[in-house]
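Keep the structure open while you read.

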Amino acid sequence: MLPGEWRPLHAQFRATLLAVRDAVAGLPVAVVHGDAWPGNVVVTGTGEVVLIDWANGGLGLPIVDLGCCLLECHLDAGRPEAWHMSPDPGLIAAVLDGYTRWRRLDDAERAALADGIRFAAAYIGAIHFERALMGGVAGPAMDARLGRLRNRIAVSQAIADLAARHLGAR
């Protein structure tokens, strides 16, 4: 049912979801935010960064939560037109420095980091594909969604590589 031009992206989504599924038994579970991105952050007057909007919070895989944050930290909540991202080593370092002040990644999480970063894009992408196929969504809106998803998948490995280097430097 998938249009031919969607199949490579679908294959990447599937590979990511299956990799996380296969790794889950060896990964820790904890309370996670579930939607960590700049739109759900408030900086207090003292400079403390606080996550808000815990509607998606609950028990989950911290590596997927961190992965989403590492990818989505590149978005500018005030400029959705600029939602195509390029890896920024400074942003990646800032997220990891803040995260690892409270929690260290174990070896299994380090091994799953790239898939953890891709997971949110793969999950959302699968939902977009289903809605498009079921509801006949097409045209410029779907093309824009696909463009954003392709961008997230394309930059995820570079973000994972920068994150691994930063974590290794500790």
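## A bent helix to start with

Helix α5 carries a kink of about 40 degrees, centred on F119. Keep in mind that this is a predicted model. Even with that kink, the 23 residues of α5 reach 34 Å from first C-alpha to last, close to the 33 Å expected at 1.5 Å a residue. Just after α5 comes G136, with a positive phi of about 70 degrees.

In general, an α-helix has 3.6 residues a turn, so residues three or four places apart point the same way. D115 is buried at 19% relative accessible area, and R118 is buried too, at 15%. Both values fall under the 20% cut-off for buried.

## The overall layout

Stepping back, the protein chain has six helices and four strands. Along the sequence they follow the pattern α-β-β-β-β-α-α-α-α-α.

How does the radius of gyration look for a chain of 170 residues? A compact globule would come in near 15 Å, and the protein chain has 16 Å, which agrees. The C-alpha trace spans about 45 × 40 × 30 Å along its principal axes. Of the 170 residues, 36% count as buried. Looking at contacts between residues at least 6 apart in sequence, 76% join residues at least 24 apart.

## Helix α6 and what covers it

Next up is α6, residues 140-168. This helix has 29 residues and reaches 42 Å from its first C-alpha to its last, close to the 42 Å expected. α6 has a kink as well, of about 35 degrees, centred on S156.

S156 is itself one of the buried residues of α6. Others on that list include M142, L146, L149, I153, V155, I159, A160, A163 and L167, and also N151 and R152. Which elements cover them? The cover includes α1 (7-23), α2 (62-72), α3 (89-100), α4 (107-111) and α5 (113-135).

In soluble globular proteins, nonpolar side chains tend to be buried together. Here the largest nonpolar core has 37 residues, and those with the most contacts inside it are I63, L70, L113 and F129. The elements giving two or more residues to this core are α1, α2, α3, α5 and α6. Of these, α6 gives the most, with nine residues.

Leaving aside its neighbours within four places in sequence, L113 is in contact with I63, L70, L105, A160, A163, A164 and L167. Among these partners, I63 and L70 are also on the list of residues with the most contacts inside the core.

## Salt bridges, buried and exposed

How many salt bridges does a search of the whole structure find? Four. Is E109 buried or exposed? At 1% relative accessibility, E109 counts as buried, whereas R103 counts as partly exposed at 23%.

E109 lies in helix α4. Beyond its neighbours within four places in sequence, E109 is in contact with L27, P28, P62, I63, R103 and R104.

Another salt bridge brings together the side chains of D22 and R21, at 3.0 Å, N to O. The setting of this pair is exposed: D22 has a relative accessible area of 56%, and R21 has 53%.

## A loop residue worth a look

Finally, take a look at D53, in the loop between β3 (49-51) and β4 (58-60). D53 has a positive phi of about 60 degrees although it is not a glycine. For context, most residues other than glycine have a negative phi. D53 counts as partly exposed, at 43% relative accessibility.

Terms used. Residues numbered from 1 in each chain as written. Predicted model: local features only at pLDDT ≥ 70, side-chain atom pairs only at ≥ 80, totals over all residues. Heavy atoms only, no water. Expected span 1.5 Å × (residues − 1). Bend = angle between axes of the 7 residues up to and from the residue. Buried < 20%, exposed > 50% of the residue type's maximum accessible area, 1.4 Å probe, protein only. Contact = heavy atoms within 4.5 Å. Core = buried A, V, L, I, M, F, W, Y, C linked by side-chain atoms within 4.5 Å. Rg over C-alpha atoms; globule rule 2.2 N^0.38 Å.
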